[in-house]
Each structure stands twice: as structure tokens, then as C-alpha cells.
Amino acid sequence: MCCTITGIRNPTVHPPPGNCTCPSLDDMGTLGNEGSPLLVRHCGLVRILSVPAQAEQLRATQTCVVTIEQWRGADVGSGGYVWGAARRLAKHLREHGDGCSAVLSANNPGGASLGTTYPAVASRPWSKLTVLELGAGTGALGLVAAALGAHSVTLTDQAAFIYPTGPNGTAPKAVEGGRSLIDLMRRNVLAFVAADEQESYCKPVVREMVWGCGDAVHALPHVSYNLICASDVLLFASAHKDLTATLRALSEASTVVLIEHTDRDGKEVNNGGVYPKDLLEFLQELEADALWTPTIVKDHGRHLTLRLVRTLA
């Protein structure tokens, strides 16, 4: 089964929002308004060098607000922040769960004629979902899933990394310091559990994971997961093969994967009607597995939501 998305994007299907730009280090403002299902705020000024710790509040349900602590990039690298992609995918989880809204064929690689509408997919009950977050950083997405009622949640990431600044997209560099993203996730889990006075939610589990590492996979509490989610994880093409292997190892038939991607290379809102190179390269890695049915369920210019469904055991 071919799973590579080809063809020209149709901006009339999902028109880009006004002033659509990639998240920057200062892009930590409010998403939506007081009436929105998801509200994101930051406390104070968000500067990677001048603010030692910040808190993000993500309204997962009408009665639960998840507060996320953030650490400086100098301590744990880029993963210490709740970036815009995580906030957008949290909003998707709140509104659609592991399902999606109706999608036109322009965003589907299945080859249907233009204008065909694929119906909305209802979410499975949260109480029956085991959830894995890859590249979790602060653990924000997984904690939102827990607040929405997931049966169990596992948060995973490497200890730390710095977004590359060298030529040709050099590989991420390790951060040397006294604390790690694992420590940050554990702090956020403890705060989440402490705020759950009625013990209404599952207690997320934190594990260190480097993609492609068999020992890390075997150390997780579940052999496979119903829902795997991640944000901003496709930036490093050199990691696509290991990411694909990890998805294969931790999924089963009917597993849903949700990945929120930010196109950081496109100079225009719709990048000339072409999908981002890193996204296409990742889908080419998946093609060899012949296990996945992919759909772009949201295309807002440089902000895209990819939904994969594993169709074979």
C-alpha cells in the first residue's frame, strides 16, 4: 500500500489563518478565547535566556486546567517549552479525540477524484485508549490526554536536545546539565496528580526513550498503544527511520497516530502548493512498511495535522 502524499495542495479546502507564522521563542500567547474548549496562557515573559521557568495552562475539559511547567533551553534544550504545535494538537484532542473532521480528497493520498469528501471519524472512548506521547518534552500533550480521561498515558523523550543551528540541518546536540526533560516531565506529572484531588484521572508514566532503541521500547508499560501522538518531531530527517521503527514496534492494527507538524522551510503560507519536504520524506519511510493509511486532516498553511491509521497487524 502506497502511503506517500502527492499532488497539489488545495488551499480552498483548509484556508490558512491570517498572519500565519511559525512559532518563535516568544510565541507563547493565548490560543482562542475564554469560550474556547482549549485555552493556552503564559505567565510572564517567555524568553529562552531570561526566564528560568514558566507555566502553560491548557484547558483540557470544562472543569480541568492542566498547568505545565517549562524550563530554559540552556538547561534542557528546545523540549522545555510548550510550542505552538503541541497547543494545536491538544486542541485537536479536545475537539476530535483520536478521530477527525471531514476531509476532502485534496488532502488524502488515496487517489480519489477531487471533490470527494471523506466523512468525519468519531473518536473512540477516551476511557478505552492507551496513549503514548513521543518527543513529549514537557509532557503537555499526554497530560491533556489524561485530563480527557485516557485509560493510561506514557510520556517519553530523550534527556535533552538543542534545535540545530548549523548548516544543512545538523543533528540535534545533547545538553549537559544537572536536570533533564525526564525530570521536567516527572515534575509536571506530580503537579497534575496533586491537582487531581478526586483521583479522577490516570497517573501518567514517564520513560526515557531514544527512537529505534529496542531496550527503551521493552521498558514501556504497554506492548502497544491505541493512540500515539507527537508534535514537531519530523524536523530531523536523519531520525525518520528510527521514528518509523518505533511506531511499528509500539502499534497494532487500528492504532491511530496523530502528528502535528510545523513547516519551517516554507517561505510562503502554502509553500507554493507543495507539502513540506520533511513531511514527504517521513511518509516515504512509512511506505516501506505498507501498514499505514495517512491523511492530512488539517492544513493551515505551515501548520499541518497528520493522522495515520495502522490497517494491518
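## Loop residues with positive phi

Glu199 is found in the loop that runs between α4 (181–195) and β8 (205–208), where helices (H or I, at least four residues) and strands (E, at least two) are DSSP runs numbered from the N terminus. This is a predicted model, in which local features need pLDDT of at least 70, side-chain atom pairs count only at pLDDT 80 or more, and totals for chains, interfaces and linings use all residues. Residues are numbered from 1 along each chain as its sequence is written, and side-chain values use heavy atoms, with hydrogens and water left out.

Most residues other than glycine have a negative phi. Glu199 has a positive phi, near 50 degrees, and is not a glycine. With a relative accessible area of 69%, Glu199 is exposed; buried means under 20% relative accessible area, exposed over 50%, and partly exposed in between (1.4 Å probe, protein chains only). Ser254 is also not a glycine and has a positive phi of about 85 degrees. Ser254 belongs to the loop between α6 (240–249) and β10 (256–262), and its relative accessible area of 37% makes it partly exposed.

## Overall make-up

The protein has 7 helices and 12 strands. Of its 313 residues, 51% count as buried. Contact means heavy atoms within 4.5 Å. Among contacts between residues at least 6 apart in sequence, 66% join residues at least 24 apart.

In helix α3 (residues 140–147), 8 of the 8 residues are buried, so the helix is largely enclosed by the rest of the structure. Its buried residues include Leu141, Leu143 and Val144. Gly149, with a positive phi near 110 degrees, follows α3.

Helix α7 covers residues 277–287, and Asp278, Leu279, Leu280, Phe282, Leu283 and Leu286 are buried in it. These buried residues pack against α6, β10, β11 (292–300) and β12.

## Salt bridges

Side chains of opposite charge can pair when their charged atoms come close. A salt bridge is a side-chain nitrogen of Lys or Arg within 4 Å of a carboxyl oxygen of Asp or Glu. By this rule the count is 8 salt bridges.

One of them joins Glu69 and Arg187, whose closest N and O atoms are 3.1 Å apart. Glu69 is in strand β3 and Arg187 in helix α4, so this pair ties together parts that are 118 residues apart in sequence. Glu69 is partly exposed at 22% relative accessibility, and Arg187 is partly exposed with a relative accessible area of 44%. Another salt bridge links Lys241 to Glu285, with the closest N and O atoms 3.5 Å apart. Because Lys241 lies in helix α6 and Glu285 in helix α7, the pair ties together parts that are 44 residues apart in sequence. Lys241 counts as exposed at 54% relative accessibility, whereas Glu285 counts as partly exposed at 25%. Within helix α2 (residues 84–96), Glu95 and Lys91 are 4 residues apart, about one turn of the helix. Their salt bridge has its closest N and O atoms 2.6 Å apart.

## Trp71 and the aromatic pairs

Trp71 is in strand β3 (residues 65–71) and counts as buried at 4% relative accessibility. The charged end of Arg179 sits over the ring of Trp71, 3.9 Å from the ring centre; the rule requires NZ of Lys or CZ of Arg within 6 Å of the ring centre and within 35 degrees of the ring normal. Trp71 and Arg179 are 108 residues apart in sequence, and their C-alpha atoms are 9.8 Å apart. The side chain of Trp71 also makes a polar contact with the side chain of Glu69 at 2.8 Å. A polar contact is a pair of N or O atoms within 3.5 Å; within protein, one must be able to donate a hydrogen and the other to accept it, and residues adjacent in sequence count only if both atoms are side-chain atoms.

The whole structure holds 2 aromatic pairs. The ring centres of Phe192 and Tyr201 are 5.7 Å apart and the planes are at 40 degrees, so this pair is tilted. Rings of Phe, Tyr and Trp (its six-membered ring) pair if their centres lie within 6.5 Å; planes under 30 degrees apart count as stacked, over 60 as edge-to-face and the rest as tilted. Phe192 is buried at 7% relative accessibility, while Tyr201 is partly exposed at 25%.

## Arg307

Arg307 lies in strand β12 (residues 303–310). Arg307 is buried yet has no salt bridge, and the nearest side chain of opposite charge, Asp98, is 5.2 Å away. Lys and Arg count as positive and Asp and Glu as negative; His and the chain ends are not counted. The side chain of Arg307 does reach the backbone oxygen of Asp98, at 2.9 Å.
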